[in-house]
Amino acid sequence: MFSGLSVLVLEDVVDGGDAVVVTARTRDVAVPCPACRTPTAKVHGYHRRTVTDVPVDGRPVVVHLRVRRLVCPALGCRRQTFREQISGLLERHQRRTVRLAWQISQVARELCGRAAARLAGPMAVPVSRSTALRLPLPQQAVPRVIGVDDFALRRRHRYATIITDAETSRRVEVLPDREMATLESWLREHPGVEVVCRDGSATYAEAVRRALPDAVQVSDRWHPWRNLCDKTLLEVRAHTGCWATINPPRPGGVREQSTRERWNKIHELLGQGVGLLDCSRRLNLAPNTVKRYALMPEPQALRIAPAYRPTLVDPYREHLRRRRAEETAVPVTHLLEEIRELGYTGSANLLVRYLNQGRAEGDRPVTTARHAGRLLLTDPENLRPKETTLLEKIAAACPEMTALADLIRGFAALLKPGEGNDVKLTEWVTAARAVDLPYLRSFTNGLEIDRLAVDAGLTLPYHNGRTEGVNTRTKRIMRQMHGRAGFDLLRHRILLP
């Protein structure tokens, strides 16, 4: 019945009515000094502690425990006397045994504060919701490979740090901020970490370097690819003058295709000498419909022209159209200077947007800077035939765009981890810096700043994807709580198994 108290000497068990009262004491054995680890059994005095153990027969168990204050025999020890502690049964300053605190903390992890307090009453372990949240969670083994990332408690004001097992996605710990000292302290207190997966945060990188200088830092592969996507869009926009004239005809919708097919069928029958009523019966159409199509010299396009508001660039539209027809790759800055000499008073951004919308050519273009960037960044196997043809035209618009397309494909091949990718990355960086692509050169400079972590991300199978998934779950939990609970409750919810 009291097997959890086997490390003590039970002197008496009394039925106290509402509770079972147990009188016990510690064993008369030598205990090491907490300062110098010298064993001693010399008693200086006694102390009484009243603690609660797991209930028996639906009633709480109260233990009146006598512990010894011992004298350290070592000369010069800074602890002349000390109170003995019962490891595994009772912690310092605790009024509940370790196993009872573990049970309450497990209930609190599953149900959180108020629900755990309501359930603890019928279990003969009455606690308040605040006490249930304050109880320490059971200690778990620190994994060999961890993932570290931050999430917003209040966007742009307060952030916290989540630590997960990068191999099993188990939540390990939630830190109250994203400061370097906080993460460094946690890593020092929990040795055994060999690999740390993170994003490009310099704060986390420095904390890991200080606490675990021998640990391998792995930069998540998603972040370099995301940075490359942003730089690619900037490069595409910078070379708008090269590819903006590639404007394939706009594809027709379902209604336009059916209209064209119906027009062809009706005119084919009329060409064979079939009358209107006979066409109506053969095609199962109303006579007025057949008559309307018969009067059409050509099938209607049924396209809605884009409606734009008047802008300051409209008076210079013919000049822009003529100049872009004469010189396909004329820079936008030259066009801006020319129309300003003609009286243009608008901004450069307005002119760039006007050209990207295709208003200088008269029709809204199918290809925009974002569309062109998407084609460059998409796996060629996932493109449709017409998109592949358009991509070839965009890549051949100028030597820089051709080099950009080749570099993107080369970097995408490195995102699959494998041996030798670090050497291939060095070759890729050299090739990228040899081309006149300033935004891509800025991207390579960022890679070199965190090169060791990037190399580990491209060669090792570890990543931070599971930590990002935990962040997504955390945002859902915070939406459910509507910001009405503190960090302690949020931490319990996140660490639920």
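The model is predicted: local features need pLDDT of at least 70, side-chain atom pairs count only at pLDDT 80 or more, and totals for chains, interfaces and linings use all residues. Residues are numbered from 1 along each chain as its sequence is written, and side-chain values use heavy atoms, with hydrogens and water left out.

Helices (H or I, at least four residues) and strands (E, at least two) are DSSP runs, numbered from the N terminus. Two strands pair if DSSP finds at least two bridges between them. Strand E9 pairs with strand E8 and with strand E10, as the table shows.

| Pair | Residues of the partner of E9 | Sense | Bridges |
|---|---|---|---|
| E8 and E9 | 145–154 | antiparallel | eight |
| E9 and E10 | 171–175 | antiparallel | four |

Isoleucine 162 in E9 stands opposite aspartate 149, and its bridge partner in E10 is valine 174. The hairpin of E8 and E9 has three residues between the strands, and arginine 156 there takes a positive phi near 70 degrees. The hairpin of E9 and E10 has five residues between its strands, and serine 169 in the turn has a positive phi of about 65 degrees.

Buried means under 20% relative accessible area, exposed over 50%, and partly exposed in between (1.4 Å probe, protein chains only). Strand E9 (residues 158–165) is largely enclosed by the rest of the structure because seven of its eight residues are buried.

Helix H20 (residues 487–494) is mostly covered, with six of its eight residues buried. Among them are Phe487, Arg491 and Ile494. What do the buried residues of H20 pack against? They pack against helices H1 (98–120), H2 (129–134) and H19 (465–481), and against E8, E9 and E10; contact means heavy atoms within 4.5 Å.

A cavity is a set of points on a 1 Å grid over the protein atoms alone where a 1.4 Å probe fits but cannot get out; lining residues have an atom within 4 Å of a point. Grid points are joined across faces, edges and corners, and a volume is the space filled by probe spheres set on the points. The count comes to five cavities of 30 Å³ or more. The second largest cavity holds about 60 Å³ of space. Its lining includes Leu100, Gln103 and Met123.

A disulfide is a pair of cysteine sulfur atoms within 2.5 Å, and the structure holds zero disulfides. Cysteine 197 counts as buried at 1% relative accessibility, and cysteine 279 counts as buried at 0%.

Key. On a 1 Å grid over the protein atoms alone, a cavity is a set of points where a 1.4 Å probe fits but cannot get out, and a pocket is an open set with protein on both sides within 12 Å along at least five of seven lines; lining residues have an atom within 4 Å of a point.
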